[in-house]
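Reader: I have a model open and would like to go through it with you. Could you take my questions one by one?

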Amino acid sequence: MPFPDELASGLRVSAYDPGWPREFDIIAARLGKALGSLARGIDHIGSTSVPDLPAKDCVDVQVRVGELDDAPLVAAFDAIGFRLRPEPWNHTETSDGRSWPKRVFAPPAGERAANVHVRLAGSATARRNLLFRDFLRADARARTAWGQFKQRLARTATDLYDYGQIKQPATEVLMIAAEDWAQRTGWTDPSR
């Protein structure tokens with residue numbers, strides 16, 4: 001199947017780029033310096049963190065914090081030019097039937113595309129994102145199927161919102177398999 005696949009809106013799902021981990025390292029170092037002790041951990045998550053998985057060329061970063069206190073977080077991110085995303089879906093998310101707070105920051109305009117998800121350390125949503133990554137790294141069959149799904153979706157979704165809305169229920173199915181894998185392998189939550 002040829003790469004890249006592109007939405008009508010211009011969003012691309014591209015072949016895996018082996019440079020993504022290096023780009024994450026650069027972002028993580030910058031965030032670590034700016035956030036200091038506010039960050040309990042900085043993780044490369046999402047599809048760009050999984051070798052051989054097609055992805056949008058946007059590095060997803062998870063910052064785990066002890067509390068979501070906007071004042072110090074926004075000040076630390078502002079100091080390096082990152083801006084808090086205002087959309088409601090960037091302030092809360094659901095996992096296991098429970099709502100969890102989060103914040104999403106974007107880099108300064110013109111810089112490398114990234115989404116920085118700030119979540120509570122030890123929360124179900126921090127765990128879920130690490131499990132997603134680790135499961136797809138470990139299971140070639142699931143990784144291939146997920147990549148093919150995303151490529152097909154990129155050819156048919158009309159915009160980024162549509163892409164996300166269609167992908168969400170499929171992600172839930174994928175996470176059922178990931179949870180089974182975690183039980184079988186004794187995977188432990190590195191977000192704690």
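Reader: Which residues of α3 are buried?

Author: Happy to start there, with a note that this is a predicted model, in which local features need pLDDT of at least 70, side-chain atom pairs count only at pLDDT 80 or more, and totals for chains, interfaces and linings use all residues. Residues are numbered from 1 along each chain as its sequence is written, and side-chain values use heavy atoms, with hydrogens and water left out. Buried means under 20% relative accessible area, exposed over 50% and partly exposed in between, with a 1.4 Å probe and protein chains only. On that scale the buried residues of α3 are Ala 124, Thr 125, Ala 126, Arg 128, Asn 129, Leu 130, Leu 131, Phe 132, Arg 133, Asp 134, Phe 135 and Leu 136.

Reader: How far apart are the end C-alpha atoms of α3?

Author: Helices (H or I, at least four residues) and strands (E, at least two) are DSSP runs, numbered from the N terminus. The expected span of a helix is 1.5 Å times one less than its number of residues. For the 15 residues of α3 that should give 21 Å, and the end C-alpha atoms agree, being apart by 21 Å.

Reader: How are α3 and α5 oriented to each other?

Author: Axes here are lines fitted to C-alpha atoms, for helices over the stretch in contact, and angles run from 0 to 180 degrees between N-to-C directions. Those of α3 (residues 124-138) and α5 (residues 160-185) come within 9 Å and cross at roughly 75°. Angles under 35 degrees count as roughly parallel, over 145 as roughly antiparallel, 65 to 115 as roughly perpendicular and the rest as oblique. The two helices are therefore roughly perpendicular.

Reader: How many nonpolar, polar and charged residues make up the contact of α3 with α4?

Author: α4 (residues 140-156) packs on α3 at an angle of about 110°, with the axes 5 Å apart. Contact means heavy atoms within 4.5 Å, and Phe 132, Phe 135, Leu 136, Arg 137 and Ala 138 in α3 meet Ala 140, Ala 142, Arg 143 and Trp 146 in α4. Ala, Val, Leu, Ile, Met, Phe, Trp, Tyr, Cys and Pro count as nonpolar, Asp, Glu, Lys and Arg as charged, and the others, Gly among them, as polar. The contact of α3 with α4 then has 2 charged, no polar and 7 nonpolar residues.

Reader: How are the rings of Phe 77 and Phe 105 arranged?

Author: Rings of Phe, Tyr and Trp (its six-membered ring) pair if their centres lie within 6.5 Å; planes under 30 degrees apart count as stacked, over 60 as edge-to-face and the rest as tilted. The search of the whole structure finds 6 aromatic pairs. For Phe 77 and Phe 105 the centres are 3.8 Å apart and the planes at 5°, so the pair is stacked.

Reader: Which elements hold Phe 77 and Phe 105?

Author: Phe 77 is buried at a relative accessible area of 1%, and Phe 105 also counts as buried, at 1%. The pair ties together parts 28 residues apart in sequence, because Phe 77 lies in helix α2 (residues 70-79) and Phe 105 in strand β7.

Reader: Is Lys 102 buried or exposed?

Author: Lys 102 is found in strand β7 (residues 98-106). Its contacts, not counting residues up to four places away in sequence, include Leu 68, Trp 89 and His 117. With a relative accessible area of 6%, Lys 102 is buried.
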